[in-house]
Amino acid sequence: MSGMTLWGFDGSTYVRTVKMLLAEKGATDFRQEPVNVLAGEPKSPEHLARHPFGKVPVLDHDGLRILETSAITRYLNDVLPGPSLVPGTPRDRARMDMTIGLVDSYGYGALVGGVAAYHLFPDFVGGKNEEARRQGIENGRKVLDHAMRTRGDSPFIAGALSLADLYLAPILFYVSLTPDKDALFGGPGFAEWWERVQALPSYRATQPNLG
């Protein structure tokens, strides 16, 4: 897919979501330009010209600039060949969209900002905040438990592998590196789903180098 540039560094969970989708589609013809969040690069004038709120990822393709992971992943799912990562039935699409909405609205802040940041990069969020960690565990567990209830007997959250799984997996990678993982990963059905997700070639191929 010529003429495609992905702006964002591999440490970003949302950039990894996009890269997992690209891997699932077998797409390798793209260029990635790192924009390091931890180094403050998204707030540079150069990147603010791409995204007015200084966020990643940003996708450029054939003269079209797309902001926000939800728009990028839907677009790539539509234009790239290969199996769709958007379910084919209204019921399963609702399951996917509901989980993505919960992750965006409640899960990311709890699991990354509250839990992962406390243990892995506290300086980036102004130091260790015990109350933010406590609330992160509480709200993060609610999101994960709801995702697993939504999954039910399906192998993945919305039936077959979908964007919902690709949103959640990169966030949980960071949580899995913390002592709080057992408090968050102990809900019914989670272990089976997490084992299946970690076995995906797209998950293994996109693991960030935390060197």
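**Reading the terms**

Q: What makes the residues of strand β3 (residues 58-61) count as buried, and which way do they point?
A: Val58 and Asp60 point one way, Leu59 and His61 the other way, and all are buried. Buried means under 20% relative accessible area, exposed means over 50%, and partly exposed lies in between (1.4 Å probe, protein chains only). In a regular strand the side chains alternate between the two faces of the sheet. This is a predicted model, where local features need pLDDT of at least 70, side-chain atom pairs count only at pLDDT 80 or more, and totals for chains, interfaces and linings use all residues. Residues are numbered from 1 along each chain as its sequence is written, and side-chain values use heavy atoms, with hydrogens and water left out.

Q: Why is Glu24 called partly exposed?
A: Its relative accessible area is 25%, so Glu24 falls in the partly exposed range. Glu24 lies in helix α1 (residues 13-24).

Q: Why are α6 and α8 called roughly perpendicular?
A: Helix α6 (residues 163-175) and helix α8 (residues 190-198) pack at an angle of about 95°, with their axes 11 Å apart. Axes are lines fitted to C-alpha atoms, for helices over the stretch in contact, and angles run from 0 to 180 degrees between N-to-C directions. Angles of 65 to 115 degrees count as roughly perpendicular, under 35 as roughly parallel, over 145 as roughly antiparallel and the rest as oblique. The two helices are therefore roughly perpendicular.

Q: What makes the protein chain as compact as a globular protein of its length?
A: The chain has 9 helices and 4 strands. Its radius of gyration, taken over C-alpha atoms, is 17 Å, close to the 17 Å that the globule rule (2.2 Å times the number of residues to the power 0.38) gives for 211 residues, so the chain is as compact as a globular protein of that length.
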